[in-house]
Amino acid sequence: MLGPVILAASRSDRMRRLISAAPVTKQVVDRFIPGEDVDDIVPVVRDLADDGLELTMDVVGEDITNPAQAAAARDAYLELVDRLKPLELGTRAEMSVKLSMFGQALEDGHELALKNVRPVVEAAAEIGTTVTLDAEDHTTLDSMFAIHEELRKDFPQTGCVIQAYLFRTEADARRLAASGSRVRLVKGAYKEPASVAYQDKHEIDRAYVRILRTLMEGEGYPMIGSHDPRLIAIGQELAHQAGRKLDEYEFQMLYGIRTEEHRRLAAEGHRMRVYTAYGTDWYGYFMRRLAEKPANLRFFARSMLTK
Ligand code: FAD
C-alpha cells in the first residue's frame, strides 16, 4: 500500500526539499504540470482548445504560510484571467482554486480566503467564465462549502468539488443537487482517517455511483472527475437515464492522464474538460498524482536511478 505512504510524504518538508531539488524530478513532473508560469501555459490552453477540449486551470501552490503569499496567489489567478481574456474561450476555460492557497489555513483564514477568492471569481465572470472550488482535506470542507454558498449569491455558476470517499458526501450531494449547483465529483485524493472516509476502493466506487445518480437526477450541473473507465461508462448511462443532453453534464480529467480518452470523449460529442495545473510550487500536486498510481512512482524512481 504505497499510496498512503506517498500521501504522508506529501506533507513532509524534508521530502519536499529532497524531491524538489532532485535533478531529474522536473522531467517527470512535466508529464502532469506543463508549465511553470503563465507564459508557458497560454500556448497549452490554445492547443487543447483547438483540439475541441475544455479546460480548468489550476495555479499550484497550496502550502502557503502568510497572508502576503495568499495575496500573491490571488494575483497569479488575476494575471491568468487577463491572459485568457484575448483567447475569448468563455466557459471553455475556467479556473480551479484551492482555498488553502488563498489563506484558509492562516489566522482568520475563512474570511481571508473569501476576501482573496472573490476578486478572482469577479474577474472570471467579467471574461464570461467561472471558478470551481477544489476539495481539500476533510477539515477544510465546512469552510469551503460556506464560501461556495456565499459566492453563489452573486455568481451562481461558481462550482465546487465533492469527494466520494467521505461519508458526509452523500448528504452534501443532495443539498448541492437541490440548489442547482455545478458540482465536480471525484473519488478523493487526500489521506483521510477511517472515522470520516471509506478506505476500501470498491466501497469508494459504489459511493461514487450513488452520489453521481443523485447529481444526475438533481437540478445542478454534474462534472464527472474521473479517469476510471467503469465510472465513465456508468456516468454516461446515468446521464441517459436522467434524460440529460450532452451539454447538461461533462467529463473532467487531469492533464497528462489518459489523454487518448480525453480525445475519444470529445470526438463523441461530450464536453471534456482537462484540469491543467501550472506553477513552480508543484510538490503537493505532484505527490498526489504519484500516490494515485504506484507505477508512476516506479517510473519516477527509475528516472532518478538511471540519471
Ligand atoms: P482511479 O481508480 O484512481 O484511476 C483509474 C485509472 O486512471 C487508473 O487505472 C489509471 O489508468 C488512471 N490514473 C488515475 N490516476 C492516475 C495517475 N495519477 N497517474 C496515471 N494514471 C492514473 N481530488 C480531490 O481530493 N480534490 C479535488 O478537488 C480533485 N479535483 C480533481 C479534478 C479532476 C478533473 C480530476 C480528474 C481529479 C481530481 N481529484 C481531486 C483527484 C481524484 O480525487 C482522484 O484522486 C483521481 O482522479 C484518481 O481517481 P480516478 O477516479 O481517476 O480513479
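Guide: A residue is called buried if 20 or more other C-beta atoms lie within 10 Å of its own, exposed if 12 or fewer, and partly exposed in between, with C-beta atoms placed from the backbone. This is a predicted model, where local features need pLDDT of at least 70, side-chain atom pairs count only at pLDDT 80 or more, and totals for chains, interfaces and linings use all residues. Residues are numbered from 1 along each chain as its sequence is written.

Visitor: Is Gln163 buried or exposed, and why?

Guide: Gln163 counts as buried because 27 C-beta neighbours fall inside 10 Å. Lys187 has 19 such neighbours, so it is classed as partly exposed.

Visitor: Where are Gln163 and Lys187 found?

Guide: Helices (H or I, at least four residues) and strands (E, at least two) are DSSP runs, numbered from the N terminus. Gln163 is in strand β4, and Lys187 is in the loop between β5 (182-186) and α9 (201-217).

Visitor: Which residues does Lys187 contact?

Guide: Contact means that C-beta atoms, placed from the backbone, lie within 7 Å. Leaving aside neighbours within four places in sequence, Lys187 contacts Gln163, Ala164, Tyr165, Ile204, Tyr208 and Ser226.

Visitor: What does UniProt place at Gln163 and Lys187?

Guide: UniProt annotations may be inferred rather than shown by experiment. Its unreviewed entry gives "binding site" at Gln163, Lys187, Gly188, Ala189, Lys201, Ser226 and His227. Spread over 65 residues of sequence, they still cluster in space, with a largest C-alpha distance of 14.4 Å.

Visitor: How many strands close into the barrel?

Guide: Strands pair if DSSP finds at least two bridges between them. Here 8 strands close into a barrel, in the order β1-β2-β3-β4-β5-β6-β7-β8, with parallel pairing.

How values were computed: Contact = placed C-beta atoms within 7 Å.
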